[in-house]
Amino acid sequence: QVHLVESGGGLVQAGGSLRLSCAASGDTVCISDMAWYRQAPGKERELVATIIKSGHTSYTNSVKGRFTISKDNDIHTVYLQMNSLKPEDTAAYYCSADTDCHNFEHTWWGQGTQVTVPG
């Protein structure tokens, strides 16, 4: 079992920056990929950025060049550095972790953190 706790959300003016953190605990040795998703009101949850075990990263087109996903394996934490924020980035941001251990694959989710960029 893996427990994820996000932090770092808030209200920021357009053009500003925020850094989200996602701290993992529990069976962290079983974690393969981690990702950040977001969900705006009335919209489907969207994949924002992924970081796999090797450290390779990928991003949705709308955040490329503005957001950076990274991880600190020593403290089992994944970050999302968000720069040049836009009103359309407003959403609840969720951290996820994929585990594959003991012949059991599962995706774990955090509780979410709100990011608001006024228009």
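Predicted model: local features only at pLDDT ≥ 70, side-chain atom pairs only at ≥ 80, totals over all residues.
I take a salt bridge to be a side-chain nitrogen of Lys or Arg within 4 Å of a carboxyl oxygen of Asp or Glu.

I number residues from 1 along each chain as its sequence is written, and side-chain values use heavy atoms, without hydrogens and water.

**Salt bridges**

I looked up the salt bridges and found three. Arg-38 pairs with Glu-46 at 2.8 Å, N to O. Arg-38 also pairs with Asp-89, with the closest N and O atoms 2.9 Å apart. That pair links distant parts of the chain, 51 residues apart: Arg-38 is in strand β4, Asp-89 in the loop between β8 and β9 (91-101). Strands are DSSP runs of E, at least two residues, numbered from the N terminus.

Asp-89 meets Arg-66 in a further salt bridge, 2.8 Å from N to O. Arg-66 lies in the loop between β6 (57-59) and β7, so this pair ties together parts 23 residues apart in sequence. Shared partners join Arg-38, Glu-46, Arg-66 and Asp-89 into one network.

**Burial**

Which members of the network are buried? I checked Asp-89 and Arg-66, and both are buried (under 20% relative accessible area; exposed is over 50%, partly exposed in between; 1.4 Å probe, protein chains only). Arg-38 is buried too, at 6%. Glu-46 is partly exposed at 27%.

**His-76**

I then turned to His-76, in the loop between β7 (67-72) and β8 (77-82). His-76 is partly exposed, at 36%. His-76 and Thr-28 are 48 residues apart in sequence but 7.1 Å apart in space, C-alpha to C-alpha.

Conventions:
Helix = DSSP H or I, 4+ residues; strand = E, 2+ residues; numbered from the N terminus.
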